[in-house]
Amino acid sequence: MTTPETLNGPADKDAAATAVSGTAAEAPADAVRLTGISKTYGSFTAVHPLDLTVPAGSFFALLGASGCGKTTTLRMIAGLEDPSSGSVRLGGADVTALPPYKRPVNTVFQNYALFPHLDVFENVAFGLRRRGIKSVKKQVAEMLDLVQLGALARRKPHQLSGGQQQRVAVARALINQPQVLLLDEPLGALDLKLRRQMQLELKRIQTEVGITFIHVTHDQEEAMTMADTVAVMNAGRVEQMGAPADLYENPASTFVANFLGTSNLIETEVLGADGDTLTLGAAGERLTLPAARCRPDVTAGGRVLAGVRPEKITLAHADDADAIPAGRNQVRGTIVDSSFIGVSTQFVIDSPVCPELEVFVPNVERDGRLLPGAPVVLHWNPEHTFGLDAAQDIDAGTDTDTDAESGTASAGGGAA
Amino acid sequence: MRPIRWLRKNLVVVFGVLTLVYLIVPNLVVLLFSFNKPNGRYNYTWTRFSTDAWQHPCGVAGMCDSLTLSLKLAVYATIGATVLGTMTAFALARYRFRGRATTNMLIFLPMAMPEVVMGASLGTLFLNMRIQFGFWTILIAHIMFCLSFVVVAVKARVMSMDPRLEQAAQDLYASPTQTFLRVTLPLAAPGIAAGALLSFALSFDDYIITSFNAGNTVTFPMFVWGSAQRGTPVQVNVIGTAMFVIAVLLVLAGQLLGSSRRKVR
């Protein structure tokens, strides 16, 4: 096979990948295509039949709490787990039956799985050597430069810091120029500051080499920062998939609404449908919801969950209620709690429509009257309201989110 | 006052040195008496210095034959027990199968059982099966009791190995054979080496089990025991000293190798 000289050449990349997979695939549009793939362990279903298409060259994130099946999905792409049903196609070629060492993908493992008996250079050269490439020196040196570890080539993994080990793991996988790079919670074991730094670095590397990245994480902020496309998984299913901003603004389920950031969800009854807008009632308050933003098909008398993000809401003291422009959704309540976090102040409001409404107010001009106990009016542009199926669990995704966060703080989170 | 303060400060060192002395004095006595020229058959009292025994280490009839036999047995038993034990350890550590718990327990039995009982029952078994006692019966017995130690040493190592390392190797294009040779074996090597060394030492100096299964064959420990009844030749001390020195040199070499490797890192 040809020895690729540069990392950026897409032609080289495909040549390397094709040679590994042993199939002559023409430049495919989709890097990965999963069709009806599932995994069951005895009576437990880790992944329900799942269809997923990852476009070539994209940075794709599988986001979900521990145990949602995201890591299992990733391992099925790598070949480390046999799917119970369905097929895995890489760049158009069916690899479902191929063992991991014959698949043109490489994985960055959680906690890195660097070979402790080999130094950094040999760790990075491992994949090349197994494929029978003799002169690895130049390529390894280039790769170590890319991850800024050129000076540490002869160190053993245990002599490196967490961030350095992480970069070795990325270099060890990338040097093989895989069709797809799989990252399994790669930043889970790093502290917060280093994690931010590595997020940017991974994004830079991905842009530089142009290889498709599939990134498994439980950290919604990480997924939104890095990925072009995010698939939110819950209990073995993909709940919703899309660009980060789209997922955030238009969640399709209560799980997505609560797992990605926070949402205020109000249980309402549909009072009337008038063309483009729905009128909703909750505890005597009236809210307006654009029909286009309402997920379930409802008619008057039906129930719907009206959602709004905390930062979209404006908070006014009850004395100023008359100054609120007409046409905005308004809800009355009392401040229960406020916490100052620098850029904004987070309020918890007790309201007849919902006992715990969250409001984030940017600290531009602070109103001294907004203290716990003060009567307030919450108002927001009706366009920012979204409607969800009221049959769902209104708290889905809230508890799991806290679990995942605390997991990060202690041990890097248990993988699913 | 001063000696008391000094003692208080250095008590740990003093006890450490005393323990070492306690451990090494017997070896020093063996070394000393290997240069003795005893009057009569018993090498128990110092008479005068001589290098006769060192110049003619095989001067005693039958001793070097038994030594060769013991070394041969130890090498074969080590190889047999290490190969079998390593495979057993991997099976027990990696796979779930029917009878795994029982096997785990049975493996410990040879270590826990009194050697006299094991040797006697094994002898009875060979006798009833009408198997001729000799080299092969001793070898079978040695592999049997060494096996447990290898399994325990290797299993501990394999259990502590991260299974993701082998998955990482496979992910990086290593076939199952390459994965085993390049990752699994190097990682398990310290455990395998510990098991092999233990096997060698255990096989070389075993007397009790061997004596039940040897027939007319005489191993080195049996020779020493037998000659002790009629007076110990000085050459026994020579062999003992040589073994001690070789062992110490091996340990020193190992430590030097380890520290130089650490420096290179």
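**Figure 1. The span that UniProt labels "domain: ABC transmembrane type-1" in chain B.** The record, an unreviewed entry, places this feature at residues 67-257 of chain B. UniProt positions follow the numbering used here, feature names are shortened, and annotations may be inferred rather than shown by experiment. This is a predicted model, where local features need pLDDT of at least 70 and side-chain atom pairs count only at pLDDT 80 or more, while totals for chains, interfaces and linings use all residues. Residues are numbered from 1 along each chain as its sequence is written, with chains lettered from A and ligands numbered from 1 in the order in which they are written. Residues 67-257 of chain B are 83% helix and 0% strand, and the end C-alpha atoms of the span lie 30 Å apart. Helices (H or I, at least four residues) and strands (E, at least two) are DSSP runs, numbered from the N terminus.

**Figure 2. Transmembrane regions of chain B, as annotated.** According to the unreviewed UniProt entry, "transmembrane region" covers residues 12-35, 73-93, 105-127, 133-154, 183-204 and 234-257 of chain B. Residues 183-204 of chain B are 100% helix and 0% strand, with 32 Å between the end C-alpha atoms. For residues 234-257 of chain B, that end-to-end distance is 35 Å, and the span is again 100% helix and 0% strand.

**Figure 3. Where chain B meets chain A.** Chain B brings 16 residues to the contact and chain A brings 20 residues; two residues are in contact if their C-beta atoms, placed from the backbone, lie within 7 Å. On the chain B side, helix H7 (163-171) and helix H8 (176-204) each supply at least two residues. H7 of chain B gives the largest share of that side, six residues. The chain B side that touches chain A splits into eight nonpolar, four polar and four charged residues. Here Ala, Val, Leu, Ile, Met, Phe, Trp, Tyr, Cys and Pro count as nonpolar, Asp, Glu, Lys and Arg as charged, and the others, Gly among them, as polar.

**Figure 4. The domains of each chain.** Chain A divides into domain 1 (10-14 + 28-249) and domain 2 (263-389), with bounds that come from an automatic or database domain assignment. The C-alpha centres of these two chain A domains are 40 Å apart. Chain B also has a domain 1 (1-33) and a domain 2 (61-232), and their centres, taken over C-alpha atoms, are separated by 36 Å.

**Figure 5. A four-stranded open sheet in chain A.** The strand order is S2-S1-S4-S5, with antiparallel pairing; two strands pair if DSSP finds at least two bridges between them. Strand S2 (44-55) and strand S5 (93-94) of chain A each have a single partner strand, so one side of each is left without a neighbour in the sheet. Strand S1 (residues 30-41) and strand S4 (residues 85-90) of chain A run antiparallel and are joined by five bridges, with A:Val32 opposite A:Leu90 in S4. S4 and S5 of chain A pair over two bridges, also antiparallel, and here A:Arg89 faces A:Asp94 in S5. Zoom in on the hairpin of S4 and S5, which has two residues between the strands, and you'll find A:Gly91 with a positive phi near 55 degrees.

**Figure 6. A five-stranded open sheet in chain A.** The strands line up as S13-S12-S11-S14-S20, and the pairing is antiparallel. Strand S13 (285-290) and strand S20 (386-389) of chain A sit at the edges with a single partner strand each, so one side of each lacks a neighbour in the sheet. Direction ignored, neighbouring strands of this sheet are turned by 45 degrees against each other on average; strand axes are lines fitted to C-alpha atoms, and angles run from 0 to 180 degrees between N-to-C directions. A:Glu269 has A:Arg303 in S14 as its bridge partner.

**Figure 7. A:Leu371 in its loop.** A:Leu371 is in the loop between strand S18 (354-362) and strand S19 (375-380) of chain A. A:Leu371 counts as exposed because it has 11 C-beta neighbours inside 10 Å. The cut-offs use other C-beta atoms, placed from the backbone, within 10 Å of a residue's own: 20 or more is buried, 12 or fewer is exposed, and in between is partly exposed. From A:Leu371 to A:Gly91 is 280 residues in sequence and 58 Å in space, C-alpha to C-alpha.
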